[in-house]
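Morning, everyone. Let me put the structure on the screen, and then we will walk through it.

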Amino acid sequence: QLQLVESGGGLVQSGGSLRLSCTASGFTLNYYPVGWFRQAPGKEREGVSCISSSDGRPYYTDSVKGRFTISRDNAKNTVYLQMDSLKPEDTAVYYCAAGPRSGTTVQAMCAVYDYDYWGQGTQVTVSS
C-alpha cells in the first residue's frame, strides 16, 4: 500500500520544539519533492516548507524562516520538519505531501495542493 504517515505532533508550550516525521511506505520518498502544509481552524491550508528531490533545496514560508528546518533521511525513507521557537500561531494540523503535479521550483511546489500522495495529518498545538 502506497502511503505517507506523519508523526511527532503534540502539545508544546510557546518557545518549545517538535520534530515532525513523514515516512513513506510502498514507494521511495527520495525520488519525490516533499512538502509540509498546515491548516488551522477556519483558515486555508498553507505551504510551510518544501524540499526538492534532486538537490535537497529547501523553501520556507516567511512566517517560519529561521525557526523551521526541513530535511531528508533517505535511508529511513523519511522527511523531517524540525520546528523550534514555536508560537501559538503555529497551531494547526500539519500534513506532508509527496509528488507535486505542478510547480517547477521548490517555492512553486509549496503553493499548490495537487500532489500524488498525502498523509493523514498530525495535530500541533502550541500553548501561550
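**Disulfides, a sheet and some rings**

Start with two cysteines: cysteine 50 is buried, and cysteine 110 is buried as well. These two form a disulfide, with their sulfur atoms 2.1 Å apart. One caveat before I go on: this is a predicted model.

What is the hand of this disulfide? The torsion about the S-S bond of cysteine 50 and cysteine 110 is about 110°, so the disulfide is right-handed. Now the ends. Cysteine 50 sits in strand β5, while cysteine 110 is in the loop between α1 (106–109) and β10 (115–118), so the pair ties together parts that are 60 residues apart in sequence.

How many disulfides does the structure hold? Two. The other one joins cysteine 22 to cysteine 96, S to S 2.1 Å. This pair links distant parts of the chain. Cysteine 22 belongs to strand β3, cysteine 96 to strand β9 (residues 92–100), and they are 74 residues apart. Cysteine 22 is buried, and cysteine 96 is too. The torsion about the S-S bond of cysteine 22 and cysteine 96 is about 75°, so this disulfide is right-handed. Number the bonded cysteines of the protein chain in sequence order, and the pairing reads 1-3, 2-4.

Next, the sheet. It is open, has four strands, and runs in the order β1-β3-β8-β7 with antiparallel pairing. Which strands are at the edges? β1 (3–7) and β7 (68–73), each of which pairs on one side only. From one strand to the next, the twist averages 15°.

Inside that sheet, look at β3 and β8. Strand β3 (residues 18–25) and strand β8 (residues 78–83) run antiparallel, joined by six bridges.

Asparagine 77 lies in the loop between β7 and β8. Buried or exposed? Asparagine 77 has 17% relative accessibility, and the cut-off for buried is under 20%. So asparagine 77 counts as buried. Its side chain has two backbone oxygens to look at. The backbone oxygen of alanine 24 lies 3.0 Å from a polar atom of the side chain of asparagine 77. The backbone oxygen of phenylalanine 27 is reached by the asparagine 77 side chain at 2.8 Å. Leave out residues up to four places away in sequence, and asparagine 77 touches Cys22, Thr23, Ala24, Phe27, Thr28, Leu29 and Asn30. Cysteine 22 in that list is the disulfide partner of cysteine 96.

Phenylalanine 27 takes us to the rings. The structure holds eight aromatic pairs. One of them is phenylalanine 27 with tyrosine 32. That pair is edge-to-face, with 5.3 Å centre to centre and 80° between the planes. Phenylalanine 27 has 10% relative accessibility and counts as buried. Tyrosine 32, at 21%, counts as partly exposed.

Phenylalanine 27 also pairs with tyrosine 117, and here the rings are stacked. The centres are 4.2 Å apart, with 15° between the planes. Why stacked? Planes under 30 degrees apart count as stacked, so 15° qualifies. Phenylalanine 27 lies in the loop between β3 and β4 (34–39) and tyrosine 117 in strand β10, so the pair ties together parts that are 90 residues apart in sequence. Tyrosine 117 is buried, like phenylalanine 27.

Ring pairs link Phe37, Tyr95, Tyr113, Tyr115 and Trp118.

Last stop, serine 52. Where does serine 52 lie? In the loop between β5 (46–51) and β6 (58–60). Strand β5 is the one that holds cysteine 50. Serine 52 has a relative accessible area of 7%, so serine 52 is buried. Two polar partners stand out for its side chain. The backbone nitrogen of glycine 56 lies 3.1 Å from a polar atom of the serine 52 side chain. Not counting residues up to four places away in sequence, serine 52 touches Pro33, Arg57, Arg72 and Val106.

To recap, there are two disulfides, an open four-stranded sheet and eight aromatic pairs. Buried asparagine 77 and buried serine 52 both sit in loops. That is the tour.

How values were computed
Residues are numbered from 1 along each chain as its sequence is written. This is a predicted model: local features need pLDDT of at least 70, side-chain atom pairs count only at pLDDT 80 or more; totals for chains, interfaces and linings use all residues. Side-chain values use heavy atoms; hydrogens and water are left out. Helices (H or I, at least four residues) and strands (E, at least two) are DSSP runs, numbered from the N terminus. Buried means under 20% relative accessible area, exposed over 50%, partly exposed in between (1.4 Å probe, protein chains only). A polar contact is a pair of N or O atoms within 3.5 Å; within protein, one must be able to donate a hydrogen and the other to accept it, and residues adjacent in sequence count only if both atoms are side-chain atoms. Contact means heavy atoms within 4.5 Å. Two strands pair if DSSP finds at least two bridges between them. Axes are lines fitted to C-alpha atoms, for helices over the stretch in contact, and angles run from 0 to 180 degrees between N-to-C directions. A disulfide is a pair of cysteine sulfur atoms within 2.5 Å. Rings of Phe, Tyr and Trp (its six-membered ring) pair if their centres lie within 6.5 Å; planes under 30 degrees apart count as stacked, over 60 as edge-to-face and the rest as tilted.
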